[in-house]
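Thanks for coming. I will go through one structure today, so please have the sequence and the model open.

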Amino acid sequence: MKSLETKRMILRALSLEDLEEFNRYAKKPHIGPMAGWAPHTSLEESRAILNMMIKENEVWGITVKPSPKIVGTIGLHVRNFHNAVLNQKEVGYVIDDVFWGQGLMVEAVKAVLDYAFFELELTKVLCGHAKNNLQSKRVIEKCGFTPTGIDLRDHFDGTKIEILMYEMTINQYKELTP
Ligand SMILES: CC(C)(COP(=O)(O)OP(=O)(O)OC[C@H]1O[C@@H](n2cnc3c(N)ncnc32)[C@H](O)[C@@H]1OP(=O)(O)O)[C@@H](O)C(=O)NCCC(=O)NCCS
């Protein structure tokens with residue numbers, strides 16, 4: 001997949017060499033649950049998930065210059081039939097808590113939106129956060145997404161969870177980035 005560069009980061013393809021860095025934040029108890037997945041319990045579990053992400057080729061590793069090590073991921077996903085038919089994808093992201101609060105994810109999402117609209121020529125990019133995930137809500141607001149409604153999704157603990165959904169169309173994006 002194509003690498004994307006921002007002022008402070010390089011978003012690049014993942015490889016199995018990223019395993020230890022991936023596991024370092026994916027095992028933290030408060031990170032995965034915010035995004036709907038369970039904290040990793042072993043290196044082998046992280047390896048299986050990293051392998052899946054490498055094969056799917058939809059997820060970039062986030063590196064903060066000048067380090068080549070990944071500190072998070074950001075991906076563009078086709079979540080359902082509806083997404084595929086309408087040429088739209090959903091952006092999802094996570095960054096290690098050591099890097100929270102520096103506006104890095106807003107910068108990463110904007111690079112992915114640029115790529116999504118101007119290279120993939122998607123019609124719409126979707127995004128969602130759990131009601132209590134105010135950090136992700138702020139990222140979504142700062143990127144300029146528009147709220148669309150609530151989606152009920154599976155949570156890792158077997159319950160259903162309400163996800164507040166948002167969208168950005170290519171025209172809205174062009175207005176935000178003249
Ligand atoms: C959501 C997430 C990607 C935000 O990334 P980020 O680069 O820290 O984003 P920002 O720096 O723009 O901060 C967003 C908000 O988080 C809050 N925040 C910042 N640092 C924080 C910290 N150390 N602890 C708690 N909240 C913090 C602030 O309210 C900030 O909003 P503000 O800019 O209006 O003050 C990151 O918190 C994360 O990876 N969380 C775990 C996974 C996750 O929730 N993924 C999204 C699933 S929908």
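I start with a contact in this predicted model: L19, F22 and N23 of helix 1 meet L43, S46, R47, I49, L50 and M53 of helix 3. Sorted by type, the residues of that contact are six nonpolar, two polar and one charged.

Two packed helices are described by the angle between their axes and the distance between the axes. Helix 1 covers residues 19-26 and helix 3 covers residues 43-56; their axes come within 9 Å and cross at roughly 115 degrees. Angles of 65 to 115 degrees count as roughly perpendicular, and that makes helix 1 roughly perpendicular to helix 3. The crossing of helix 1 and helix 3 is right-handed.

Now the second pair. Helix 5, residues 104-118, and helix 6, residues 134-143, have axes that come within 9 Å and cross at roughly 50 degrees. Because of that angle, helix 5 is oblique to helix 6. The crossing of helix 5 and helix 6 is right-handed. On the helix 5 side the contact is made by M105, V106, V109 and K110, and on the helix 6 side by V139, K142 and C143. Here the residues divide into five nonpolar, no polar and two charged.

Next, the ligand. Which of the 21 residues around the ligand come nearest? They are I95, G103, N133, R138 and K142. K142 has come up already, in the contact of helix 5 with helix 6.

A polar backbone atom of I95 is 2.8 Å from an oxygen atom of the ligand. For G103, a polar backbone atom is 2.7 Å from a ligand oxygen atom. For Q102, a backbone N or O atom lies 3.2 Å from an oxygen atom of the ligand.

Last, the backbone itself. Most residues other than glycine have a negative phi, and most peptide bonds are trans. There are two places to look at with that in mind.

P66 sits in the loop between strand 3, residues 59-64, and strand 4, residues 70-77.

The other is N87, which is not a glycine but has a positive phi of about 55 degrees. You will find N87 in the loop that runs between helix 4, residues 81-85, and strand 5, residues 88-95. I95, from the ligand part of this talk, is the residue at the end of that strand 5 range.

That is what I had.

Technical notes:
Residues are numbered from 1 along each chain as its sequence is written. This is a predicted model: local features need pLDDT of at least 70, side-chain atom pairs count only at pLDDT 80 or more; totals for chains, interfaces and linings use all residues. Side-chain values use heavy atoms; hydrogens and water are left out. Axes are lines fitted to C-alpha atoms, for helices over the stretch in contact, and angles run from 0 to 180 degrees between N-to-C directions. Helices (H or I, at least four residues) and strands (E, at least two) are DSSP runs, numbered from the N terminus. Angles under 35 degrees count as roughly parallel, over 145 as roughly antiparallel, 65 to 115 as roughly perpendicular and the rest as oblique. A crossing is left-handed if the near helix is turned anticlockwise from the far one by less than a right angle, and right-handed if clockwise. Contact means heavy atoms within 4.5 Å. Ala, Val, Leu, Ile, Met, Phe, Trp, Tyr, Cys and Pro count as nonpolar, Asp, Glu, Lys and Arg as charged, and the others, Gly among them, as polar. A residue is near a molecule or strand if one of its heavy atoms lies within 4 Å of it. A polar contact is a pair of N or O atoms within 3.5 Å; within protein, one must be able to donate a hydrogen and the other to accept it, and residues adjacent in sequence count only if both atoms are side-chain atoms.
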